[in-house]
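Subject: Model for you to look over

Hello,

Here is the structure for you to open. My notes follow below it.

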Amino acid sequence: MNSVTYNKSIELLHKASSVHGFLASALDISNYKRVWSRDGVICGLAALASEDEELVKTFEKTIHTLAAHQHDIGTIPSNVAFKGKKVEVSYGGLAGRVDAVTWFIIGVCQLAHYKQDPQIVELYKPNINKCLKLLNAWEFNNKHLLYIPLSGNWADEYITDGYVLYDQLLRLWALKCYNHFENKVQIDHKIDSIIEQLQINFLGDSKAEKFHPRAYEAMALKSYLPASFSPSGYKTQFDAFANSLFLILNLGSSDLKERIVEYSQNLLSQSKLQVLPAFWPPVMQEDEHWNLLKDNCKYEFRNYPYEFHNGGSWPMVNGFYGLALCSMGYEQAAQDLLRNINQLNALEEFAFYENFHSITGEPLGVPKCAWSAAGAVILHKSLNNNFKILID
């Protein structure tokens with residue numbers, strides 16, 4: 001990232017800062033002028049990477065806001081809006097947002113690790129313990145994998161539901177981060193149990209019975225991990241965010257990790273934008289899941305093929321794929337990817353769009369999107385200043 005692009009990214013994160021934490025966009029568009037859990041923590045990771053103390057303070061405010069509005073049962077807000085003296089708290093729209101809970105735990109622990117202050121974890125320990133109890137309840141069958149409703153995470157208008165890979169990996173990361181401070185055997189056992197179920201149900205590495213053996217046998221994926229499965233079977237789209245987290249968390253065999261990178265790089269090389277789409281291939285109108293996709297929106301439909309979650313390209317997601325490349329030792333590929341992310345962010349005088357049409361390159365979604373800048377900052381600092389996120 002050249003100095004101009006980096007400075008523009010940091011400038012946007014400052015503009016998206018508020019007295020209550022990071023806002024999703026620096027512009028007052030739609031519902032983006034709110035403190036969001038996942039957006040806020042991802043922007044917080046960029047703040048830590050930047051070592052900009054004002055941004056770090058904004059991250060601290062973000063965590064405080066989320067904790068202060070935690071529901072009695074443990075749910076972390078999807079977002080919180082401050083309108084004068086009125087506070088609006090949302091735990092999700094058509095469905096609750098499971099990843100709000102896991103991102104919150106990750107955020108607390110990353111902040112404590114950066115500041116080398118375990119008391120931050122102690123301060124939020126009651127909140128975290130509520131989160132962990134709730135996550136256990138969300139297994140429903142007590143078999144160590146979360147069951148996620150349709151619309152239950154960041155891809156809130158997409159088709160994934162049930163045992164969604166992305167959410168299992170976020171929970172695993174959250175537990176690893178928390179146990180970095182707690183060092184409890186029972187948390188280690190839970191981590192091991194989750195990994196075992198991932199190996200059985202997503203990798204097929206064990207002869208142990210799978211949740212859905214008939215559906216797994218029908219899937220036969222080899223190059224990457226499927227996006228999700230449910231009682232109705234597997235959804236086999238490539239989820240770039242989830243597969244990136246899998247690599248970052250250093251799971252699976254060396255052979256599988258190399259196959260994921262090979263598939264990802266091949267897909268990236270075929271893209272006009274030279275970045276990964278969020279999910280691939282797109283769901284087309286003639287496909288089995290088209291009706292599920294087109295009806296999963298509360299207001300306007302945005303998931304046309306190659307757009308938004310349905311094959312659109314997100315700078316934020318690619319920032320995490322860049323981290324995955326770094327973790328695998330592919331620094332030149334990560335540098336090339338960072339350059340491509342920067343080119344997208346710089347379009348229209350550094351508009352930092354939310355996502356892009358993967359075929360035409362048309363900017364889509366909300367401009368001045370804070371986590372579009374954040375993904376680039378995290379990757380830049382990982383490559384050039386040896387910034388390390390806390391994994392375990």
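Which residues does alanine 112 touch, not counting those up to four places away in sequence? They are Asp117, Ile120, Val121 and Phe181, with contact meaning heavy atoms within 4.5 Å.

First, the basis. This is a predicted model: local features need pLDDT of at least 70, side-chain atom pairs count only at pLDDT 80 or more, and totals for chains, interfaces and linings use all residues. Residues are numbered from 1 along each chain as its sequence is written, and side-chain values use heavy atoms, with hydrogens and water left out.

Alanine 112 sits in helix 4 (residues 98–115); helices are DSSP runs of H or I, at least four residues, and strands are runs of E, at least two, numbered from the N terminus. Its relative accessible area is 1%, so alanine 112 is buried (under 20%; exposed is over 50%, partly exposed in between; 1.4 Å probe, protein chains only).

Next, helix 6 (residues 125–137). Buried here are Asn127, Ile128, Cys131, Leu132, Leu134 and Leu135. Pro126 and Lys133 are exposed on the face turned away. The cover over the buried residues includes helix 3 (53–68), helix 4, helix 5 (119–123) and helix 7 (165–182).

Last, aspartate 239, in strand 8 (residues 233–239). Aspartate 239 touches Tyr166, Ala227, Ala278 and Phe279, not counting residues up to four places away in sequence.

Regards
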